[in-house]
Amino acid sequence: MAPSSLLALLVALAAVSALQQPSAEAIRIPPMVACTPGLPKFIPCYVPQPLRGPPAECWTPLSKLAPCAGFLTASDSSVSSACCDGYKYMVDYAAICFCHYSNGDIGKIVPGTLNSTRLFGLSGACGSVVRLEAFTDCDSKFDFVPPMTPPSPPPSSSLPPAA
C-alpha cells in the first residue's frame, strides 16, 4: 500500500472513531454524593444543603409523586414535568419521607411494583439530587420518620363541661 493511501486510511479511521465517541452530554453523570471540602472532585458531587425539619406526616408530600407512577412502575418511558415538580418538592421539603419508599408504604400511593433504579433516575431526569441519607439513615440519623398519615385526634369527651 502506498504511503499516501495508508495516511488517508488512518485519517479516515480517526474521523470515524471521533464520530462514534459519545458526547460529554451523553455520558453526564448526575452528582450523587456530597462534595468533601479540600478534596479534588474526581466524581460529580453536590454541595449539601442542611436538612429541613420533618413534616408532620408524609402522605401529602408523597402524594406529589403520584404523577411519577407510570415512570416508577416502568409503564412509561419518560418523566413528566408534573412528576419532576413533585420529586423536587420531596427533595427540597420532605426528603425524610423517602423512608416510606424503603419500607414499602409508598405502595399506598403509587400502585404496582416500583423500580428503584427509576426512582434514583429521577435525580438526573429532574435535575434535583436527593441526599442518600434520605434512604439509608431512616432510623439512625433522624429523630423520627413522620407517619404516613397524621395521628387521629383524641376522641372528644361526651361528658358535659364542669360548672
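Visitor: Leaving aside its neighbours within four places in sequence, which residues is His100 in contact with?
Guide: Contact here means heavy atoms within 4.5 Å. By that rule, His100 touches Cys58, Leu62, Asp105, Ile106, Val145, Pro146, Pro147 and Met148. His100 belongs to helix α5, and its relative accessibility of 4% makes it buried. The cut-offs are these: buried is under 20% relative accessible area, exposed is over 50%, and partly exposed is in between, with a 1.4 Å probe and protein chains only.

Visitor: What should I know about the model itself?
Guide: This is a predicted model, where local features need pLDDT of at least 70 and side-chain atom pairs count only at pLDDT 80 or more, while totals for chains, interfaces and linings use all residues. Residues are numbered from 1 along each chain as its sequence is written, and side-chain values use heavy atoms, with hydrogens and water left out.

Visitor: Where is confidence lowest, and where is it highest?
Guide: pLDDT is the predictor's confidence in each residue, from 0 to 100. The protein has a mean of 74, with 66% of its residues at 70 or more. Helix α1 (residues 3-20) is lowest at a mean of 57, and α4 is highest at 91.

Visitor: How many helices and strands are there?
Guide: Both are DSSP runs numbered from the N terminus: helices are H or I with at least four residues, strands are E with at least two. The protein has 7 helices and 2 strands, in the order α-β-β-α-α-α-α-α-α from the N terminus. Of its 163 residues, 28% are buried.

Visitor: How do I read an aromatic pair?
Guide: A pair of aromatic rings is described by the distance of the centres and the angle of the planes. Rings of Phe, Tyr and Trp (its six-membered ring) pair if their centres lie within 6.5 Å; planes under 30 degrees apart are stacked, over 60 edge-to-face, and the rest tilted. The structure holds 2 such pairs. One of them joins Tyr89 and Tyr93, tilted at 40 degrees between the planes and 5.2 Å centre to centre.

Visitor: Why are Tyr89 and Tyr93 separated by about one helical turn?
Guide: An α-helix has 3.6 residues a turn, so residues three or four places apart point the same way. Tyr89 and Tyr93 are 4 residues apart in helix α4 (residues 81-93), so about one helical turn separates them. Tyr89 is partly exposed at 31%, and so is Tyr93 at 46%.

Visitor: Which residue lies over the face of Tyr89?
Guide: A charge sits over a ring if NZ of Lys or CZ of Arg is within 6 Å of the ring centre and within 35 degrees of the ring normal. Lys64 lies over the face of Tyr89, 4.8 Å from the ring centre. Likewise, the charged end of Arg118 is over the ring of Phe71, at 4.5 Å from its centre.

Visitor: Which residues of helix α6 are buried?
Guide: In α6 (residues 116-126) they are Leu119, Leu122, Ser123 and Cys126. They lie on the same side of α6 because their arc around the axis is only 110 degrees, taken from the directions from the helix axis to the C-beta atoms. Their cover includes α3 (69-72), α4, α5 (99-102) and α7 (133-136).

Visitor: And what about phi?
Guide: Most residues other than glycine have a negative phi. Ala74 is not a glycine, yet its phi is positive, about 70 degrees. Ala74 sits in the loop between α3 and α4.
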